[in-house]
Amino acid sequence: MTRNGSERVDNLLQPQSQLSRWDNEGGVGPCGPKEITRLGSAASDIPELTNTELVQLRIRVIALENLVIALLADAPGQQIDLVRAMAAHISPRPDSAPHPLTIHAARQMVQLVDRAAYFRTGQP
C-alpha cells in the first residue's frame, strides 16, 4: 500500500480509536460520564460563569445555530423529516408533564428547519 493509502486508512480508523478511548478513560458509561459520579458534591465547587464566558457561549450558540441552518438548507428531505420527527419526539406526550424548556427546544428545532427552507427555495 502506498503512503497516501495508509494515511487514508489511518484517518478512517482515528475516530474509532478515539471513541474506544472515550469508553475506557472516563467517557460516557451506562450511568453517564464517569467523572461526574466521582465529583459528587464537588460540583458545587465549580465557579460561576463570568459575563465574558456567558457572552462567548452566546456567540458560539449563534454560530452553531447558523451552521445548522446552512447544513439543513442543503439536506435531503429525509433529514428534514427526521429533524421534525425528533422535535415531535421530544415534545411532551399526553401521559407526561410538559417541561417548558423541552417545549421551547422542540419549537426551536422546527424554526431552524423553517429558516433553512428560505435558503432552499429563496422564499420564506
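User: Is the crossing in which H4 passes H5 left-handed or right-handed, and what is the orientation of H4 to H5?

Analyst: In this predicted model, H4 passes H5 in a left-handed crossing. The axes of H4, residues 77-90, and H5 come within 8 Å and cross at roughly 160°. Angles over 145 degrees count as roughly antiparallel, which makes H4 roughly antiparallel to H5. The handedness is left-handed, and the orientation is roughly antiparallel.

User: Which residues of H5 does H4 meet, and how many residues of the contact are nonpolar?

Analyst: On the H4 side are Gly77, Ile80, Val83, Arg84, Met86, Ala87 and Ile90. Their partners in H5 are Thr102, Ala105, Ala106, Met109, Val110, Val113, Asp114 and Arg120. By class, the contact of H4 with H5 has two polar and three charged residues, and the nonpolar ones number ten.

User: What is the orientation of H3 to H5, and which hand does their crossing have?

Analyst: The axes of H3 (residues 51-73) and H5 (residues 100-121) come within 8 Å and cross at roughly 55°. That angle makes H3 oblique to H5. The crossing of H3 and H5 is right-handed.

User: Which residues make the contact of H3 and H5, and how many of them are charged?

Analyst: H3 contributes Glu65, Asn66, Val68, Ile69, Leu72 and Ala73. H5 contributes Gln108, Leu112, Val113, Arg115, Ala116, Phe119 and Arg120. The contact of H3 with H5 divides into eight nonpolar and two polar residues, with the charged ones numbering three.

User: Which residues does leucine 112 touch, leaving out those up to four places away in sequence?

Analyst: Leucine 112 is one of the H5 residues in the contact with H3. With residues up to four places away in sequence not counted, leucine 112 touches Glu65, Val68, Ile69 and Leu72.

User: Where is leucine 49, and is it buried, exposed or partly exposed?

Analyst: Leucine 49 is in the loop between helix H2 (34-39) and H3. Leaving aside neighbours within four places in sequence, leucine 49 is in contact with Leu54 and Leu57. Its relative accessible area is 46%, so leucine 49 is partly exposed.

User: What pattern does the protein chain follow, and what share of its residues is buried?

Analyst: The protein chain has five helices and two strands. Read along the sequence, they follow the pattern α-β-β-α-α-α-α. Of contacts with a separation of 6 or more, 54% are between residues 24 or more positions apart. Among the 124 residues of the protein chain, the buried share is 10%.

Note on methods:
Residues numbered from 1 in each chain as written. Predicted model: local features only at pLDDT ≥ 70, side-chain atom pairs only at ≥ 80, totals over all residues. Heavy atoms only, no water. Axes fitted to C-alpha atoms, helices over the stretch in contact; angles between N-to-C directions. Helix = DSSP H or I, 4+ residues; strand = E, 2+ residues; numbered from the N terminus. Parallel < 35°, antiparallel > 145°, perpendicular 65-115°, else oblique. Left-handed = near helix turned anticlockwise from the far one by under 90°. Contact = heavy atoms within 4.5 Å. Nonpolar A, V, L, I, M, F, W, Y, C, P; charged D, E, K, R; others polar. Buried < 20%, exposed > 50% of the residue type's maximum accessible area, 1.4 Å probe, protein only.
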